[in-house]
Amino acid sequence: MKHSACGHCSSSVEGVFRLPRRFGRAMIWLYRHTLSPLVGYNCRHLPTCSVYGDEAIERFGLWAGGWMTLARLLRCNPFGTSGIDNVPLTAPPGAHWYLPWRYARWRGVNAS
């Protein structure tokens, strides 16, 4: 019997490719339920950094979303930015897997 591209097989392959994304989101979930209550809820941005990270990783994957989250965490300090800072709907122009720092917004909030 010749193997065909069935729905079950393609969903299994999709699941494998989503493992890094799920791992990243699981780490954020773990942070939210362990360290976050101890540190306190005092993020300078809306949505909070953990919500931002979860959304960025869900939308763009662990690699690109992870870089976006790292930049957001580095902006969230007493001398950094504050205010409404949503995850972009599309990847920034010029962002490629081999130029990961271009995924991130290193300064400012809600850059157009």
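T69 is found in helix 4, where helices (DSSP runs of H or I, at least four residues) and strands (runs of E, at least two) are numbered from the N terminus. With a relative accessibility of 11%, T69 counts as buried; buried means under 20% relative accessible area, found with a 1.4 Å probe and protein chains only. Setting aside neighbours within four places in sequence, T69 touches Y52, G53, A56 and I57, contact being heavy atoms within 4.5 Å.

The model is predicted, with pLDDT of at least 70 needed for local features and 80 or more for side-chain atom pairs, while totals for chains, interfaces and linings use all residues. Residues are numbered from 1 along each chain, and side-chain values use heavy atoms, leaving out hydrogens and water.

Helix 4 (residues 49-75) also packs with helix 2 (residues 19-33), at an angle of about 175° and with axes 9 Å apart. The axes are lines fitted to C-alpha atoms over the stretch in contact, and angles between N-to-C directions run from 0 to 180 degrees. The two helices, helix 2 and helix 4, are therefore roughly antiparallel, a label for angles over 145 degrees. Among the residues making this contact are G24, I28 and Y31 of helix 2 and G53, I57 and F60 of helix 4.

Taken as a whole, the protein has four helices and two strands, in the order α-α-α-β-α-β along the sequence. Of its 112 residues, 29% count as buried. Among contacts between residues at least 6 apart in sequence, 70% join residues at least 24 apart.

Technical notes. Angles under 35 degrees count as roughly parallel, over 145 as roughly antiparallel, 65 to 115 as roughly perpendicular and the rest as oblique. Buried means under 20% relative accessible area, exposed over 50%, partly exposed in between (1.4 Å probe, protein chains only).
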